[in-house]
Amino acid sequence: MAENETVMENTVETAPESSKPSKGAKFIGGVKEWLRKFVVKLKRRPMNIAFFVLIVSSLIYLFMLGSISQAGLEYPKTGVPVALFINTLFSILVLLLFMYSFPKRAKKPKIVMLVFTFVFMAVMIGMDILLYVQWTNAWTEALKILNESQKAVREKYIYGAINGVLVHAIFVAIAALLTATYPLYGKLIGKINTRKVLEENVIKEAIDTSEEV
């Protein structure tokens, strides 16, 4: 009996342990899967790219609102208070208009809301240009009469205000362009292969399906 047990133990082949992926491979795989899901979402709603840029433009304006408000109080030229009020209000309302323009379950955008979105964008760009021109001219004139200490105090906010409205106008213009052309780059995104490749399990053991008589 002992000899038979020894023979049986020797004939049993242990199955090789499956190699586990390393932490680096898991991390890379997770990143690839996240990117795949992200592209899948963009295929469904490519206008989200324009929406993201529009959100960034609003955040830029709101973050720079301290310097912009200070410049408005220091140099309240013609149209500056009105431009500040309109841009502050529109930078928030335009996000709501954009969301209403592209409902999640609708296949086509709502034209009326989309038109209002473009109108709001155009108004904000116009107000930014007005503020940029007014403050640039006012600062150029102020440099001629201010002493060094006064210049140092006002430089802290005037350059932030001028650059803030300029960058805001640029980002709003980019968002408007991306909103108008989303069907074009949406087609390009749709050509990206996002199919998940599954590894096939290879069955090594033969299955006997014959019926015993």
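The chat below covers the core and the aromatic rings.

A: First, this is a predicted model, where local features need pLDDT of at least 70, side-chain atom pairs count only at pLDDT 80 or more, and totals for chains, interfaces and linings use all residues. Residues are numbered from 1 along each chain as its sequence is written, and side-chain values use heavy atoms, leaving out hydrogens and water.

Q: Which residues touch the most other members in the largest nonpolar core?
A: Leu 54, Val 94, Phe 98, Phe 102, Met 121 and Tyr 185, out of 24 residues. Such a core joins buried Ala, Val, Leu, Ile, Met, Phe, Trp, Tyr and Cys residues through side-chain atoms within 4.5 Å. Buried means under 20% relative accessible area, exposed over 50%, partly exposed in between (1.4 Å probe, protein chains only).

Q: Which element gives the most to this core?
A: H5, with five residues. Helices here are DSSP runs (H or I, at least four residues), numbered from the N terminus.

Q: New topic. How many aromatic pairs are there?
A: Five. Rings of Phe, Tyr and Trp (its six-membered ring) pair if their centres lie within 6.5 Å; planes under 30 degrees apart count as stacked, over 60 as edge-to-face and the rest as tilted.

Q: Why is the pair of Phe 51 and Phe 98 called stacked?
A: Their centres are 5.0 Å apart and their planes sit at 10 degrees, so the pair is stacked. Phe 51 is in helix H3 and Phe 98 in helix H5, so the pair ties together parts 47 residues apart in sequence.

Q: Is Phe 98 buried or exposed?
A: Buried, at 2% relative accessibility.

Conventions: Helices (H or I, at least four residues) and strands (E, at least two) are DSSP runs, numbered from the N terminus.
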